Amino acid sequence: MPPHLCLPILIDVGTDNEGLLKDPLYIGLKQKRVRGAKYDALIDEFMNAVVKRYGGNCLVQFEDFGNHNAFRLLEHYRNSHCTFNDDIQGTASVAVAGILASLNITGKWLQDNVFVFQGAGEASIGIAMLLIMALQEEGATTQEAYSKIWMVDSKGLIVKDRPSGGLTDEKLPFAQSHSPVDNLEDVVKLIKPTAIIGAAAQPGAFTEAILRSMAEFNERPIIFALSNPTSKAECTAEQAYKATDGRCVFASGSPFNAVTLGNQTFHPGQGNNAYVFPAVGLATVACDIRTIPESVFLESAKALAKMVTRKHLAEGRVYPPLADIREVSTNIAIHLAEFAYRNRLAFHFPEPADKGKFIRSHQYNIDYETYVPTLYNWPGHNVVYY
């Protein structure tokens, strides 16, 4: 995206951190954090001010909002404003892309998989919701799709009538009819998933026992340790590959070095949101997309998965190398442009005949122009202008 079209905005509603409140160098609002009706009124004032100042097609990307607010605000504004939440939808798109690419290694249909999530925050629920959409697109009923998703939060497996409670509106659809289970290791042994996905920043959550269990149940277990940074990862790439004798399909949120077992070297894929959110932003702005349906993120996932080649898969990658990210993101944006016009989401007319040329014409040019120097002779000075 051209930088001059981007405006980073921080919304300050105070802090409950006593250390910051007492810090004379803290530049934020020195007041307790505002919540409830006043908070909602501020966000609403901001969103309406954006539309008034820049128009209804101004894209607002939400980032780093807490779970409760993130889901609420996305649901409230998604059908009336041009907006998306990267922590929910961008993360989901990249994770689902990795899962779709993994199917080319495991040889399974998406419906043949059972997913266990470590964590039930905005990242996990975002991934799960997009998986539900992908499963339904493959032919699963809503009930069948939800039956494939099992979630574990800080209070254990999310089940109906859980004694410990803690079921928010976002978690309720994923509550299974099962007896309570307190820890992830027991959940894995009972459910026997084909894939485990970590997005709760609980380092070491995927223990050696869990990893070995996954290798017992599956010829090619899917293990996604997506928490960032590396110190928060559920397991390392080396731990995953060693515990499964190199048979797992591994991806992480942070980069890990290549792992060599015997004669084979694995290059673990990094599920980075940067594959997707710039492409969604570019396609939205260029094509004048006014609201962004969830299908845009599923299409992004499918486009990203298709760019994983046989060579990448042979190396253990389920994402294209990050070194190619500019071209990868461009291709996703082109795919989204085609999707938007095909589904009447785009309002830029006339419709461009060459979507690739159109998208690239809106990208920021990172190359310096070449200028021919001109020498001017002033009395006593030689000045070169470029």
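Asparagine 113 touches Leu103, Lys108, Lys148, Thr194 and Ile222, leaving aside residues up to four places away in sequence; contact means heavy atoms within 4.5 Å. The model is predicted, so local features need pLDDT of at least 70 and side-chain atom pairs count only at pLDDT 80 or more, while totals for chains, interfaces and linings use all residues. Residues are numbered from 1 along each chain as its sequence is written, and side-chain values use heavy atoms, with hydrogens and water left out.

Asparagine 113 sits in the loop between helix H4 (86-106) and strand S3 (115-118). Helices (H or I, at least four residues) and strands (E, at least two) are DSSP runs, numbered from the N terminus. The relative accessible area of asparagine 113 is 1%, so the residue is buried (under 20% relative accessible area, 1.4 Å probe, protein chains only). Its side chain reaches the backbone oxygen of tryptophan 109 at 3.0 Å.

The largest pocket holds about 1100 Å³ of space. A pocket is an open set of points on a 1 Å grid over the protein atoms alone, where a 1.4 Å probe fits, with protein on both sides within 12 Å along at least five of seven lines; lining residues have an atom within 4 Å of a point. Of its 30 lining residues, Leu7, Pro8, Ile9, Val60 and Gln61 are the closest to the centre. Helix H2 (37-54), strand S1 (60-62) and helix H10 (277-287) each give two or more residues to this lining. The lining divides as follows.

| Class | Lining residues |
|---|---|
| Nonpolar (Ala, Val, Leu, Ile, Met, Phe, Trp, Tyr, Cys, Pro) | 21 residues |
| Polar (the others, Gly among them) | five residues |

Conventions: Buried means under 20% relative accessible area, exposed over 50%, partly exposed in between (1.4 Å probe, protein chains only). A polar contact is a pair of N or O atoms within 3.5 Å; within protein, one must be able to donate a hydrogen and the other to accept it, and residues adjacent in sequence count only if both atoms are side-chain atoms. Grid points are joined across faces, edges and corners, and a volume is the space filled by probe spheres set on the points.
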